[in-house]
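I opened a structure that was new to me.

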Amino acid sequence: MSSSQTMDDTLAQSKLRRLQLEKDAYRRSKWARIRNHAYMLIFLPLLLPVHLCLLLFFFIFKERSFKWVYSYLRTYFSIYFFFGGVQHLSIFPPPSQKPTKPTLFFTTRNADLISCFLPTLFSYPVSIPFQPKLYKFPIHFFFPFVRMGPFVDHLGYDDKPIHESLIDIHHCLKQGRPTIVFINPSVISPMFNETLPMYNDILELMDTSIDCYFLACKGLEAIKAGTLFYPSFVSTYCVSANDLFDGIEKTHFPEKEKHLRIMKFFDYQHMKLI
């Protein structure tokens, strides 16, 4: 048996062990997470009338309701993740003030609810790609008939493949909103995947005059294992492209060095352009 095959078998066994450990953690926290939803009921007498009032406000004033609805979504998801057992550790936070120039934040899809988590990281509105299923996101687990519905549109733009999203991305930038872009097509995490598939169009966006940042939410893929009293820790790292790529022009292969730094920033072993 070759050494490379032995290494592959070892990595496969390691992945299997991690998957089993994660399943065990989810199973242990299942009932505790249901209790978490029960604890969140204490906010329902406040959330429900606010939600209904904003819904009426939205249908009357449309675009003028953006500020209020977006603030409500950010507050709601902060409460949701707190009771969901997420402890946020901001290691390198995003800019505290809203950028004055067009700005992109590149991140990976490493969890199904990342579009809900991202607004909680910023003190100002950002445009976020969101999935259609979020329209059915309930205000509470025990009240599934009250949903976010049209409020979700205030998060940003439809989550589509990058070549279909470029028009939406440029539109958000023209509106003066910092915009988040997913660099990979589907949900993956370095916990179970060694290779990061990245859209080739991302490199073209980086080569424009737009200010760019990279944002990593490490640990978000394991939030289902967290509970209110035994939370999962999510560490966020945000660095500018200038800092991440500092000095690459002095290397022998600048473009490969750029790929390598992106890959390492998001904790992957390999990267594949698609």
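Predicted model: local features only at pLDDT ≥ 70, side-chain atom pairs only at ≥ 80, totals over all residues.

Residues are numbered from 1 along each chain as its sequence is written, and side-chain values use heavy atoms, without hydrogens and water.

**Cores.** I looked up the largest nonpolar core and found 44 residues, with Y76 and L118 having the most contacts inside it. A core here is a set of buried Ala, Val, Leu, Ile, Met, Phe, Trp, Tyr and Cys residues joined through side-chain atoms within 4.5 Å. Buried means under 20% relative accessible area, exposed over 50%, partly exposed in between (1.4 Å probe, protein chains only). The largest share of this core, 10 residues, comes from α3. I then found a second, separate core of 30 residues, which includes M198, F245, F265 and F266.

**Y76.** I listed its contacts (heavy atoms within 4.5 Å). Beyond neighbours within four places in sequence, Y76 meets M40, L47, F137, P138, I139, H140 and M148.

**Y268.** Is Y268 buried or exposed? It is buried, because its relative accessible area is 5%. Y268 sits in the loop between α8 (254–265) and β11 (270–273). Its C-alpha atom is 7.5 Å from that of N193, 75 residues apart along the chain.

**L89.** I placed L89 in strand β1. L89 is partly exposed, since its relative accessible area is 34%.

How values were computed
Helix = DSSP H or I, 4+ residues; strand = E, 2+ residues; numbered from the N terminus.
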